[in-house]
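Please read the following note alongside the sequence and the model.

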Amino acid sequence: DFRDLWTLNPYFTGLPGIKSFERRLECLLMLSADLITTVSEPLAEQMRLLHPQTKVEVIENGADLDELEQLPQTSKPYSLKKTIVYAGTIYAGRRDPSPLLRAIKKSKVENIEVFFAGPSTAEVNKLIALAEAEHFTRVLGMIPRQESLILQQHADVLLFLESNAPDAAGVLTGKLFEYLFSGREVWGVGVDMSTLSGQIIQGSGVGQVFGSSEVMLEEAVQRLSRDGARNTQLKAEYRQKFDRRTQARKLLSFLRPQP
């Protein structure tokens with residue numbers, strides 16, 4: 001099962017000599033596989049080309065609804081500021097919050113704060129400094145998972161970052177599906193309707209995608225500053241499709257002997 005690809009992963013280019021060794025190793029290991037699964041059809045197509053001898057099926061990422069329902073019910077900390085939360089890893093040149101940071105700075109609003117939770121503290125601080133956005137950002141670093149989920153549920157907006165480069169078209173990070181089930185509005189930056197993640201964000205009814213348009217982001221920032229968070233409702237078909245229990249049943253159907 002490949003939630004992320006191995007040697008075809010666009011985020012880890014590797015070293016030339018080692019990468020070719022890893023590619024041979026992956027191909028050798030996959031010769032012993034009866035089934036390969038991955039998270040999207042674009043990634044599945046890449047795997048079928050690399051491993052034509054092995055069946056490849058799609059099992060999407062999703063959310064564990066039991067985990068989300070068992071979160072402690074805590075009150076949102078009182079604040080006059082609207083909060084935008086990003087929880088995850090930042091990859092230089094791939095998941096870049098800079099268009100949003102510049103849009104907030106241009107809008108000159110004073111009641112929005114952006115929180116970054118995740119392992120990429122040095123990269124985030126560098127991007128914040130380049131955008132001169134220190135006064136409205138907070139970098140939390142790594143925090144416990146439950147704390148991260150509660151932070152997301154208390155946010156006014158959740159920030160989703162991804163690249164719209166062709167080699168990232170089928171990347172579906174698990175973070176997206178936590179966002180979908182959070183009940184919060186989702187803003188997709190770096191993605192547009194040409195990407196699978198962008199199609200899910202807008203098609204599911206939970207948010208909007210901006211690509212890298214600072215003009216569109218500035219309008220959204222001003223609306224958030226003025227009107228506050230929007231209510232969102234995840235469409236029933238997306239709730240069903242991206243429930244981990246649905247995906248477990250789908251995987252089981254692939255593993256059962258066919259009559």
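This is a predicted model: local features need pLDDT of at least 70, side-chain atom pairs count only at pLDDT 80 or more; totals for chains, interfaces and linings use all residues.

1. Residues are numbered from 1 along each chain as its sequence is written, and side-chain values use heavy atoms, with hydrogens and water left out.

2. The structure holds 4 aromatic pairs (rings of Phe, Tyr and Trp, the last by its six-membered ring, with centres within 6.5 Å; planes under 30 degrees apart are stacked, over 60 edge-to-face, the rest tilted). In one of them, the ring centres of Trp 187 and Phe 210 are 5.6 Å apart and the planes stand at 65°, so this pair is edge-to-face.

3. Trp 187 counts as buried because its relative accessibility is 0% (buried means under 20% relative accessible area, exposed over 50%, partly exposed in between, with a 1.4 Å probe and protein chains only). Phe 210, at 4%, is likewise buried.

4. Tyr 238 and Phe 242 form a tilted pair, with 6.1 Å between centres and 45° between planes. Both residues are buried.

5. What does the side chain of Glu 26 make with the side chain of His 51? The answer is a polar contact of 2.8 Å (N or O atoms within 3.5 Å, one able to donate a hydrogen and the other to accept it; residues adjacent in sequence count only if both atoms are side-chain atoms). Glu 26 lies in helix H1 (residues 16–30).

6. The count of salt bridges is 18 (a side-chain nitrogen of Lys or Arg within 4 Å of a carboxyl oxygen of Asp or Glu). One of them joins Glu 178 and Arg 145 at 2.7 Å, N to O. Glu 178 is in helix H7 and Arg 145 in helix H6, so the pair ties together parts 33 residues apart in sequence. Glu 178 is buried at 10%, whereas Arg 145 is partly exposed at 42%. Salt bridges with shared partners connect Glu 67, Arg 145, Lys 175 and Glu 178 in one network.

How values were computed: Helices (H or I, at least four residues) and strands (E, at least two) are DSSP runs, numbered from the N terminus.
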